[in-house]
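I opened this entry to keep track of what I looked up, one topic at a time.

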Amino acid sequence: MYTFLVGIDADESRALAQAETLAELPLEADAVRAVLVHSFEEKTKGSTVEQVKAVRLARDQLEDAGIEVELEGYGGDAVRAILNVAKEHDADQIVLAGRKRTPTGKVLFGSVTQSVILDTERPVLVCSADEE
């Protein structure tokens, strides 16, 4: 079983782009598992990953493609969430959705995608959504 760790934020178009990319890979759907992780900046009591619409949309699209899906909610830093959950599930590959930013914006605000790429030994697939 090939395991993809998919870091999902709250942006629905990016989540759908990630799910679509996985669903279109030339792999046998029954040999693939996707672990969707969403990091809550501050996880409040009663909040669940299923409440995040972007996660639900990605899950539904992947399940429709016959891919096994697990959901993980994580409180705290998104980079740590992605790296820790990837390690816990021994993910074969990490899938992220890049956000279009200027070079200055990346320096000022940081980039989860960039940090994950620099801090992991696992392969990282970066998808992009049509953003206006």
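Entry 1: The model, which is predicted, has an open sheet of 5 strands in the order β3-β2-β1-β4-β5, with parallel pairing. I looked up the edges next: they are β3 (68-75) and β5 (124-127), and each of these pairs on one side only. From one strand to the next the twist averages 25°. I noted for background that strands of a sheet pair through backbone hydrogen bonds, either parallel or antiparallel.

**Entry 2: the whole chain.** I then read along the sequence. The protein has 5 helices and 5 strands, and they follow the pattern β-α-β-α-β-α-β-α-α-β. I looked up how much of the protein is buried: of its 132 residues, 39% are. I also checked how far apart in sequence the contacting residues lie. Of the contacts between residues at least 6 apart, 76% join residues at least 24 apart.

**Entry 3: strand β4.** Which strands pair with β4? I found that β1 and β4 (residues 93-97) pair in the parallel sense over 3 bridges. At this pairing, V6 stands opposite V95 in β4. With β5, β4 is joined by 4 bridges, and these two strands also run parallel. Here I94 stands opposite V124 in β5.

Is β4 covered or open? I found it mostly covered, with 5 of its 5 residues buried. I sorted the residues by face: Q93, V95 and A97 lie on one side, I94 and L96 on the other, and all are buried. The general rule I wrote beside this is that in a regular strand the side chains alternate between the two faces of the sheet.

**Entry 4: the cores.** The largest nonpolar core has 20 residues, and V6, I8, L22, A34, L36 and L62 have the most contacts inside it. I checked where the core residues come from: β1 (2-7), α1 (12-24), β2 (32-40) and α2 (53-64) each supply at least two. There is another core apart from it, of 12 residues, including V37, V79, I82 and L83. My background note is that in soluble globular proteins, nonpolar side chains tend to be buried together.

What does V6 touch, leaving aside its neighbours within four places in sequence? The list is Q18, L22, A34, V35, L36, V37 and V95. V95 is the residue in β4 that V6 stands opposite.

Entry 5: I went to T120, which is found in the loop between α5 (112-119) and β5. Is T120 buried or exposed? Its relative accessibility is 17%, so T120 counts as buried, the cut-off for buried being under 20%. The side chain of T120 reaches the backbone nitrogen of R122 at 3.0 Å. Not counting residues up to four places away in sequence, T120 touches L83 and I94. L83 is among the residues of the 12-residue core, and I94 is one of the buried residues of β4.

**Entry 6: salt bridges.** How many salt bridges are there in the whole structure? My search found 6. I looked at some of them in turn.

The side chains of D9 and R14 meet in one, at 2.6 Å from N to O. The side chains of D11 and R14 meet in another, at 3.6 Å from N to O. I checked accessibility for the residues involved. D9 has 24% relative accessibility, so it counts as partly exposed. D11 also has a relative accessible area of 24% and is partly exposed. Salt bridges that share partners join D9, D11 and R14 into one network. R14 has 7% relative accessibility, so R14 counts as buried.

D60 forms a salt bridge with R59, and the closest N and O atoms are 3.1 Å apart. D60 is partly exposed, with a relative accessible area of 33%.

Key:
Residues are numbered from 1 along each chain as its sequence is written. This is a predicted model: local features need pLDDT of at least 70, side-chain atom pairs count only at pLDDT 80 or more; totals for chains, interfaces and linings use all residues. Side-chain values use heavy atoms; hydrogens and water are left out. A salt bridge is a side-chain nitrogen of Lys or Arg within 4 Å of a carboxyl oxygen of Asp or Glu. Buried means under 20% relative accessible area, exposed over 50%, partly exposed in between (1.4 Å probe, protein chains only). A nonpolar core is a set of buried Ala, Val, Leu, Ile, Met, Phe, Trp, Tyr and Cys residues joined through side-chain atoms within 4.5 Å. Contact means heavy atoms within 4.5 Å. Two strands pair if DSSP finds at least two bridges between them. Axes are lines fitted to C-alpha atoms, for helices over the stretch in contact, and angles run from 0 to 180 degrees between N-to-C directions. A polar contact is a pair of N or O atoms within 3.5 Å; within protein, one must be able to donate a hydrogen and the other to accept it, and residues adjacent in sequence count only if both atoms are side-chain atoms.
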